[in-house]
Amino acid sequence: MGQHYSHKLGICCGKKPSTTSKRDEETLGCSKDRISNLPDEILVSILSLLTMREAARTSVLSHRWRYLWAFTGRLEFKRPSKELCDIDRCRLVKCVNQVLQSHKGQTIDKFEINFDVGERYEHYIDRWLTFALAKKVKRLELNLFIFAPYSALENYTLKPKILCDSRLDSLTTVLFNHVNVTGEVIQTLLSKCPFLEMLRVSNAMSLLDLKVSGPSLKLKRLEILNCHELGYIEIAALSLVSFKYKGQVTIISIKDAPCLAEVIFEGSYACLLNNGSWYSCDLPQLENLMLDMTCEKFSRLPKFPSLRNLKQLELFLNVNGARDLLCLMSLLNASPLLHLFELRLLNLNRREQGQPKEWEVKPTYEHLKVFQLSGFVGCRIDTELVLYVLSHAGSLQKIIIDPLSPYAKKSSREYWECEETLLARINARKLKPSLPPGVELVVL
């Protein structure tokens with residue numbers, strides 16, 4: 001932690017004349033409390049790995065431990081699993097106030113508020129933010145999601161004055177969810193955070209336009225999610241490596257991002273990408289692309305811009321018929337250096353027949369090494385798709401087939417197991433005789 005603590009308390013023990021041998025002392029020494037003899041800096045580092053409740057409980061261990069938890073560098077206040085009533089919410093607010101009042105550390109690494117407090121508690125949230133910034137926080141997370149859809153709580157609004165009156169040069173990560181911010185507030189944040197590397201803004205209904213630029217901007221990751229009133233985004237960030245956007249149709253202008261290697265588009269906006277107008281400049285360095293196009297229906301072969309340096313592609317598609325796979329053809333043809341292709345199909349009917357006539361085209365994907373298909377059911381469409389990739393990817397090394405839905409949680413795979421899933425696995429294994437030499441088939 002690098003901090004110096006004003007208290008250096010030991011454990012006082014009365015000593016009696018020893019009648020044990022040296023070997024006995026060595027044996028008994030194994031049961032002594034050696035952890036409490038560690039330096040304060042190490043103990044505080046250990047406590048910082050615990051939750052706030054767990055760290056506070058250590059105060060009863062001994063006089064030495066009584067105040068150590070107050071120096072922890074991670075202050076995380078998270079909601080319980082259930083929806084909060086007003087009484088529980090007031091208790092949580094009171095708990096945060098008490099912990100902040102007791103905190104004795106000079107700096108904090110992480111400050112997180114993760115429970116549904118809204119505009120009604122803005123006075124407290126203002127104080128919490130001021131406290132965190134005064135402690136030179138590095139990672140700031142405000143997740144003020146409101147559980148009840150018809151709750152009387154309104155989103156908290158971040159005031160520009162809090163940022164203007166504080167030093168922000170310690171911040172490296174800022175995550176806002178259900179916090180109303182404006183473009184002006186974001187610009188102030190960016191201009192005063194010379195070391196900011198990660199910025200995520202989610203569900204900010206007051207965000208109408210966003211400009212991400214600055215001569216000394218170090219921002220590497222930018223995520224704008226479900227800000228449905230947003231009409232315009234302009235990006236000129238020399239260090240930006242990853243950009244994620246999820247939401248409604250808007251104008252996105254990427255003017256200067258020479259390091260941008262990863263782009264993720266989800267929601268309605270992703271469905272506009274097939275017209276080639278999804279960015280206003282060439283991105284030859286783009287290596288990773290993820291598109292969620294589950295709400296798109298394709299009546300013709302879409303045209304994508306050239307993605308000549310793309311190495312990894314992840315595509316979500318809602319398949320109601322063979323023609324919905326046209327997007328796949330266009331993207332593969334626009335990505336000549338593709339190494340990894342992950343295709344995630346939703347709502348594919350096992351009885352679906354036919355294939356697009358455009359599959360008769362014979363392009364080759366000579367750099368494709370791994371093809372992963374999720375949502376496989378074993379109908380003619382997905383089976384022909386696998387055979388198509390096998391016959392057109394001469395360098396293919398592995399094909400991975402997962403019959404489960406792309407949205408099935410890995411932690412609860414047993415819940416999704418059913419007769420159709422087992423049948424899909426059987427159909428997937430039947431593809432093994434069609435594998436070219438050197439290609440491995442993995443069925444999950």
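This is a predicted model: local features need pLDDT of at least 70, side-chain atom pairs count only at pLDDT 80 or more; totals for chains, interfaces and linings use all residues.
How many bridges join strand β2 (residues 110-114) to β3?

**View 1. Strand β2 beside strand β3.** Four bridges join β2 to β3, and these strands run parallel. Phenylalanine 111 has leucine 140 in β3 as its bridge partner.

**View 2. Strand β3 and its cover.** Strand β3 spans residues 139-143, and four of its five residues are buried, so the strand is mostly covered, with buried meaning under 20% relative accessible area.

**View 3. Strand β3 beside strand β5.** β3 is also joined to strand β5 (residues 173-177), here by five bridges, and the two run parallel. Leucine 142 is paired with phenylalanine 176 in β5 as its bridge partner.

**View 4. Strand β17 within the structure.** Of the five residues in β17 (residues 370-374), four are buried, so the rest of the structure largely encloses this strand.

**View 5. Strand β16 beside strand β17.** Strand β16 (residues 340-346) pairs with β17 over five bridges in the parallel sense. Opposite phenylalanine 341 stands phenylalanine 371 in β17.

View 6. Five bridges in the parallel sense pair β17 with strand β18 (residues 398-402). Phenylalanine 371, which stands opposite phenylalanine 341, also stands opposite isoleucine 399 in β18. Between β17 and β18 the chain passes through helix α9 (residues 380-392), forming a right-handed β-α-β crossover.

Definitions and conventions:
Residues are numbered from 1 along each chain as its sequence is written. Side-chain values use heavy atoms; hydrogens and water are left out. Buried means under 20% relative accessible area, exposed over 50%, partly exposed in between (1.4 Å probe, protein chains only). Two strands pair if DSSP finds at least two bridges between them. A crossover is right-handed if, with the strands pointing away from the viewer, the path from the first strand over the helix to the second runs clockwise.
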